[in-house]
Amino acid sequence: MADTFINAVPFLSEWATRVGQISGLPQHARRLLEDERLLMVFPEGTRGTAKLYKERHSLVRFGTGFVRLAIETRSPIVPTAVLGGGEAVPTVKNLYRLGKLFGMPYVPITPYLLAVPLPVHILIRFGEPIYLDGTGQENDKQVHEMVEFVKARIYALIEQGKQRYARL
Amino acid sequence: MKVVVTGIAGRLGRLIALELAAEGHTVLGVDKRPWPEAPAGVSVVETDLRKRPAEDLFRTERPEALVHLSTVTHLHVAEADHRMSLGSTKAVMDYCDRYAVTRAIFVGRHTYYGATAESPLYHTEDEPPMANEEFPELADLVAADLYAGSALWRYPRMDTAVLRLCYTLGPSRHGTLAEYLRGPKVPTVMGFDPLFQFMHEQDAARAVVVALSHSLRGVYNVAGPTPLPVSTLIQETGREQIAVPEALLPLLLGRLGLPRLPRGAISHLKHPIVIDTQAFRTRTGFTHRFDEYDTLQAFCEGGSPD
């Protein structure tokens, strides 16, 4: 699933249709989970893609919708760390005003200007599934605690993976 | 059963009338347009639904059921007709109540939901209409749909169903999508390839008759096979796709062999309107007979429109 801004941008929209991307809306996520489909969620959202090269092993704020969906649809969460994304697109600056002109959140700039991915290794590490108990009526504080728990598990996977990634 | 079909002289109206007549129903049509070759078992009153002869039909014939085709195609709607659907829908609802009609089917369009970048891919019946500010020609259709839905609480003794049909296509080569695909060159918005959802016109007519026979109550989306990207639609019908930058498209429509489209229709060439039809299928057991390629082939092999 991709951010809805993609649907409004010429050619990106066309690409999304051709490859079967759908908008990252809660309705879509719920539909897929209720249909017992596997869903990959990036809880950092577009904030996560805006990380600079020097911030590549950090995690920014997580949204809370994925936890609520997991509880409501009784879906396990498999914490997953992806290492190498920062190396693939080594962003040195994000141009937010230019992005606005194109209807995008920002335009990433790399040392070679264009945000074309480099041929690098990507290491993906999966953790043990997390089964969240709940009724779907949890308040924001309770949900935030669950989000932080998932985030900590992912962060631990990143830390464990850093040395191995360096050896690749 | 005596069934009044409004808009009977249109292509979908005729197909519905033939389906009903084949099932042994007595069909009473109302339309401003004539249908001279109407078959046995089908009679047509040529009048505006808002006029006295239309009400006379309900008073004298006392039909049990109504099929109201409130759809006005949004490609060539005259300015004066912008409130036609709503006005005629209100009129027939009043007749139904006054003359004790027990079942009513209001046929609307899936374009009710609007086409926006933020919309979910599958629209469900509980969603509100969106993007009418960009497409004022649709406002009448949306108003008629919402007004028809109010019959559910306004006239609780009548089984009312509002069907939101996806585009129809077939050998008649009539309808919104057929108009768009009519010429050898079909315009699209450069950089966009939205999914289009359509069903064979005979399947659409059968869905309406199936809804009537099940005494449905509520709002239901009605669709057929899997939607296709508009580029595939154009390719499969042997047309030439003319991809035009969005800013230039309004200037070129109606020129250089391209069809005329209202400005608001451009959003429909950028974003998909796809409906979830699960509720209708579950409730009625309806399945389409023609898949997407059968439907496109039937359109290609169809005769010239009148």
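Which residue forms a salt bridge with Glu246(B)? The partner is Lys270(B), with the closest N and O atoms 3.1 Å apart, where a salt bridge is a side-chain nitrogen of Lys or Arg within 4 Å of a carboxyl oxygen of Asp or Glu. Glu246(B) sits in the loop between β14 (240-244) and α9 (249-252) of chain B, and Lys270(B) in the loop between α9 and β15 (274-275) of chain B, so the pair ties together parts that are 24 residues apart in sequence. Helices (H or I, at least four residues) and strands (E, at least two) are DSSP runs, numbered from the N terminus. Lys270(B) is buried, at a relative accessible area of 14%, whereas Glu246(B), at 35%, counts as partly exposed; buried means under 20% relative accessible area, exposed over 50%, and partly exposed in between, with a 1.4 Å probe and protein chains only.

Before going on, some ground rules. This is a predicted model, in which local features need pLDDT of at least 70 and side-chain atom pairs count only at pLDDT 80 or more, while totals for chains, interfaces and linings use all residues. Residues are numbered from 1 along each chain as its sequence is written, chains are lettered from A and ligands numbered from 1 in the order in which they are written, and side-chain values use heavy atoms, with hydrogens and water left out.

As to confidence, the model scores ipTM 0.76 and pTM 0.83. For chain B the mean pLDDT, the predictor's confidence in each residue from 0 to 100, is 88, and 92% of the residues reach 70 or more. Over residues 74-80 of chain B, however, the pLDDT is below 50, although this stretch has 17 contacts in the model beyond near neighbours in sequence, contact meaning heavy atoms within 4.5 Å.

Let me turn to helix α1 of chain B. Its buried residues, among them Leu12(B), Ile16(B) and Leu20(B), pack against β1 (2-6), β2 (26-31), β3 (42-46), β4 (65-69), β7 (159-165) and α7 (201-213) of chain B. One of the buried residues is Arg14(B), at a relative accessible area of 14%, and its side chain meets that of Glu37(B) in a salt bridge of 3.3 Å, N to O. Glu37(B), by contrast, counts as exposed, at 52% relative accessibility.

Ile16(B) and Leu20(B) are also among the residues with the most contacts inside the largest nonpolar core, which has 42 residues; such a core is a set of buried Ala, Val, Leu, Ile, Met, Phe, Trp, Tyr and Cys residues joined through side-chain atoms within 4.5 Å. The largest share of this core, eight residues, comes from α7(B). Apart from it lies another core, of 27 residues, including Leu169(B) and Phe198(B).

Finally, the interface. Here 16 residues of chain B are in contact with 16 residues of chain A, and the area buried between the two chains is about 1,200 Å², of which carbon and sulfur atoms give 57%; buried area is the accessible area (1.4 Å probe) that two parts lose on being put together, summed over both. Gly191(B), Phe192(B) and Asp193(B) supply 36% of the area that chain B buries against chain A, more than any other three residues. Two salt bridges are counted between the chains, and in one salt bridge the side chain of Asp193(B) meets that of Arg18(A) at 2.9 Å, N to O.
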